[in-house]
Amino acid sequence: MGFGLLRRKWLSLSPHEKQNESLRSFQKGIDYIENQTDKRYGLQLTHKGASRFDLYTPNTLPLTRFNSLLALDILEGQVSQETKESWYSSIRPLPTLSQTTVNYFLDNRFYDVPADADTSSLMHLVTLPSLTQPTVEEYSRVLISNTATNGIIQCYFPPRGIHSERIDSCVSANVMRFLYTFNLEEGAKATEDYLLFKLSSKEYLQGTR
């Protein structure tokens, strides 16, 4: 069925029918996740097709920890304990004083990609029960000191290489969510102002790339 027909079908539904259809679609997604036989690497994008990573492995996507982090953040209460444990296992290491930042990838071909504030902040939020206060304070210190010349928290941690001075509103949103959770936002005023401007000006509608 083409997109046009699907859209017309959706628009023809009553609010109650739309709600039921949304719930059925959500459950289909949960069933798909639960029926995956190989859960060693958490939730991964394994579909075939063109991607920006085809340069490294044709028709496949590299293993990442970010997908499992998103899944844990959004679906933690909707999936089985076995699935949750596989996701937690795939995002190792858990945050400690000596390992407060991580990068996006699990794939060892991408170990040279710098750790980023987006993945690291989400990891800390997802693993809240295991966090200690010293770990939270250490990560917030690293985070708030990692600013660009305009005072906004950068996407990547040192050594950044070619990624220096890069900022992004989506990354900033996850960063501020972590800081708000622990009432530590006072040290990130420039990043907060940047996000508020993006929202009030509707500049976010232009994308982040």
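1. Buried residues make up 38% of the 209 residues in the protein chain. Buried means under 20% relative accessible area, exposed means over 50%, and partly exposed lies in between (1.4 Å probe, protein chains only). This is a predicted model: local features need pLDDT of at least 70, side-chain atom pairs count only at pLDDT 80 or more, and totals for chains, interfaces and linings use all residues. Residues are numbered from 1 along each chain as its sequence is written, and side-chain values use heavy atoms, with hydrogens and water left out.

2. The protein chain has eight helices and zero strands. Helices (H or I, at least four residues) and strands (E, at least two) are DSSP runs, numbered from the N terminus. Take contacts in the chain with a separation of 6 or more: 57% of them join residues 24 or more positions apart. Contact means heavy atoms within 4.5 Å.

3. Look at H4. Thr83, Lys84, Ser86, Trp87 and Ser90 are buried there. They sit on the same side of H4, because they cover an arc of only 160° around the axis. The arc is that of the directions from the helix axis to the C-beta atoms. The cover over the buried residues of H4 includes helix H2 (15-34) and H3.

4. The structure holds five aromatic pairs. Rings of Phe, Tyr and Trp (its six-membered ring) pair if their centres lie within 6.5 Å; planes under 30 degrees apart count as stacked, over 60 as edge-to-face and the rest as tilted. One of the pairs is Phe66 with Tyr104, stacked at 5.3 Å centre to centre and 20° between the planes. This pair links distant parts of the chain, 38 residues apart: Phe66 is in helix H3 (residues 66-75), and Tyr104 is in the loop between helix H4 (81-90) and helix H5 (117-126). Phe66 is buried, at 11% relative accessible area. Tyr104 is partly exposed, at 24%.

5. Now take Phe178 and Phe182. Their ring centres are 5.1 Å apart and their planes stand at 55°, so the pair is tilted. Phe178 is buried, at 0% relative accessibility. Phe182 is partly exposed, with a relative accessible area of 22%. Ring pairs link Phe178 and Phe182 with Tyr139 and Phe157 into a cluster.

6. Finally, the surface. The protein chain exposes about 12,700 Å², and carbon and sulfur atoms supply 55% of it. Accessible areas come from the Shrake-Rupley method with a 1.4 Å probe; for residues, only the protein chains shown count as cover.
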